[in-house]
Amino acid sequence: MNAEPGKKFGVVVVGVGRAGSVRIRDLQDPHSLAFLNLIGFVSRRELGSLDEVRQISLEDALCSQEIDVAYICSESSSHEDYIRQFLQAGKHVLVEYPMTLSFAAAQELWELAAQKGKVLHEEHLELLMEEFAFLKKEVTGKELLKGSLHFTASPLDEEKFGFPAFSGISRLTWLVCLFGELSLISATLEDRKEDQYLKMTVQLETQSKGTLCWIEEKAPGLKRNRYLNFQFKSGSLENVPNVGIDKKIFLKDQDLFIQKLLGQVSAEDLAAEKKRIMHCLGLADHIQKLCRPEK
């Protein structure tokens, strides 16, 4: 799929929380303007306009001939429905992770995107971070014996953001990108609603039988933190240097999306990315079923 030379893709941003606001800012960056033209935004709130960008209704966004692309930046629970509607309307889609809150829904949406000949791109900012580049360099060529990744933060509304294996899928993605496809050994959940305390503990295994423990722990007052410990046959690695926040990280992700729109990403690379995304969503789905059999 190659775009006409000089053609700009008309974009609508759906949801204007933290991610949506950054997307709107980035779409007004001179770098973006060469390829993308921000037409408007969709929000459940009546805002009128934001940074001189006009609010439009979902119906108008779906029907508009001007709009080629939708950025889905709403709550995770609404992603599936929005992706389906925009793909059905013949639009390309960029969505903040997680794409969906179930493996089956993601499979169905990839099939719909292929059928419509449209790009479906799931954002993974965590793979563009300098910390990840540092870790990737450190673990390459080493054999993992055992490791752990423990993430702490304040509580998240599960109705909006999904089960912790989905809301925390960026941590799982790190582990898969560092150590390859993983097998699920066990998953447990400690959930004390009266204290708003939740702890998910997942045991995973690498293809070379290294073990990984992934913990997501949420409670009021818990600071957002990530604790890493990897033991190799040759030495160990604990935590990563703090490199600060990269203000251009959303722009880097958008660049990857633009390359897909322009047909500049090979079929092999697209297939490998989709395989990794589906592997992570499949693990998350399986973890949820073990921890919450009733769902």
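Reader: Hi! Which side chain does the side chain of glutamate 96 make a polar contact with?

Author: Hello! In this predicted model, the partner is the side chain of arginine 23, at 2.8 Å.

Reader: And where does glutamate 96 lie?

Author: Glutamate 96 is in the loop between strand 6 (92–95) and helix 5.

Reader: Is glutamate 96 buried or exposed?

Author: Glutamate 96 is buried, because its relative accessible area is 6% and the cut-off for buried is under 20%.

Reader: What else is glutamate 96 in contact with, leaving aside neighbours within four places in sequence?

Author: Besides Arg23, the contacts of glutamate 96 include Ala19, Ile72, Cys73 and His79. Glu123 and Phe250 are also among them.

Reader: Let's move on to helix 5. Which residue caps its N-terminal end?

Author: That is serine 102. One of its side-chain oxygens lies 3.1 Å from the backbone nitrogen of alanine 105.

Reader: And what happens just after helix 5?

Author: Glycine 117 follows, with a positive phi of about 70°.

Reader: What span should helix 5 have, and how far apart are its end C-alpha atoms?

Author: With 14 residues at 1.5 Å a residue, helix 5 should span 20 Å, and its end C-alpha atoms are 20 Å apart, so the two values agree.

Reader: Which residues of helix 5 are buried?

Author: Ala105, Ala106, Leu109, Trp110, Leu112 and Ala113 are buried there.

Reader: Where do those buried residues fall, seen down the axis of helix 5?

Author: They fall within an arc of 160°, so they line one face of the helix. As background, an α-helix has 3.6 residues a turn, so residues three or four places apart point the same way.

Reader: Nice. What do the buried residues of helix 5 pack against?

Author: They pack against helix 4, strand 7 (120–122) and helix 11 (267–291).

Reader: And which exposed residues sit on the face turned away from the buried side?

Author: On that face, helix 5 carries Ala104, Glu111, Ala114 and Gln115, which are exposed.

Reader: You mentioned helix 4. Which salt bridge does arginine 84 make?

Author: Arginine 84 meets glutamate 108 in a salt bridge, at 3.0 Å from N to O. Arginine 84 is in helix 4 and glutamate 108 in helix 5 (residues 103–116), so the pair ties together parts 24 residues apart in sequence. Glutamate 108 itself is partly exposed, at a relative accessible area of 40%.

Reader: What about glutamine 88, where is its place?

Author: Glutamine 88 is in helix 4 and counts as partly exposed, at 44% relative accessibility. Leaving aside neighbours within four places in sequence, glutamine 88 is in contact with Leu112 and Lys116. Glutamine 88 and lysine 118 are 30 residues apart in sequence, with their C-alpha atoms 9.9 Å apart in space.

Reader: Back to charges, then. How many salt bridges does the structure hold?

Author: There are 21 salt bridges in the structure. One network of salt bridges links Glu158, Asp191, Lys193 and Arg292.

Reader: Which residue forms a salt bridge with glutamate 75?

Author: Arginine 44 does, and the closest N and O atoms are 3.7 Å apart. This pair links distant parts of the chain, 31 residues apart. Glutamate 75 is in the loop between strand 5 (69–72) and helix 4 (76–88), while arginine 44 is in the loop between strand 2 (36–42) and strand 3 (49–50).

Reader: How do those two come out for accessibility, buried or exposed?

Author: Glutamate 75 is partly exposed at 22% relative accessibility, whereas arginine 44 is exposed at 68%.

Reader: And which side chain meets that of lysine 233 in a salt bridge?

Author: The side chain of glutamate 143 does, at 3.5 Å from N to O. The two are 90 residues apart, with lysine 233 in the loop between strand 12 (225–232) and strand 13 (236–238), and glutamate 143 in the loop between helix 6 (130–139) and strand 8 (144–153). Lysine 233 counts as exposed at 61% relative accessibility, and glutamate 143 as partly exposed at 34%.

Reader: Last topic: which residues does the UniProt annotation "domain: Biliverdin reductase catalytic" cover?

Author: In the unreviewed UniProt entry, that annotation covers residues 132–242. The chain over residues 132–242 is 24% helix and 43% strand, and its end C-alpha atoms are 11 Å apart.

Reader: And where does UniProt place "domain: Gfo/Idh/MocA-like oxidoreductase N-terminal"?

Author: UniProt puts that feature at residues 9–124, again from an unreviewed entry. Over residues 9–124 the chain is 41% helix and 24% strand, with the end C-alpha atoms 22 Å apart.

Terms used: Residues are numbered from 1 along each chain as its sequence is written. This is a predicted model: local features need pLDDT of at least 70, side-chain atom pairs count only at pLDDT 80 or more; totals for chains, interfaces and linings use all residues. Side-chain values use heavy atoms; hydrogens and water are left out. A salt bridge is a side-chain nitrogen of Lys or Arg within 4 Å of a carboxyl oxygen of Asp or Glu. Helices (H or I, at least four residues) and strands (E, at least two) are DSSP runs, numbered from the N terminus. Buried means under 20% relative accessible area, exposed over 50%, partly exposed in between (1.4 Å probe, protein chains only). UniProt positions are given in the numbering used here, feature names are shortened, and annotations may be inferred rather than shown by experiment. The expected span of a helix is 1.5 Å times one less than its number of residues. The arc is that of the directions from the helix axis to the C-beta atoms. Contact means heavy atoms within 4.5 Å. A polar contact is a pair of N or O atoms within 3.5 Å; within protein, one must be able to donate a hydrogen and the other to accept it, and residues adjacent in sequence count only if both atoms are side-chain atoms.
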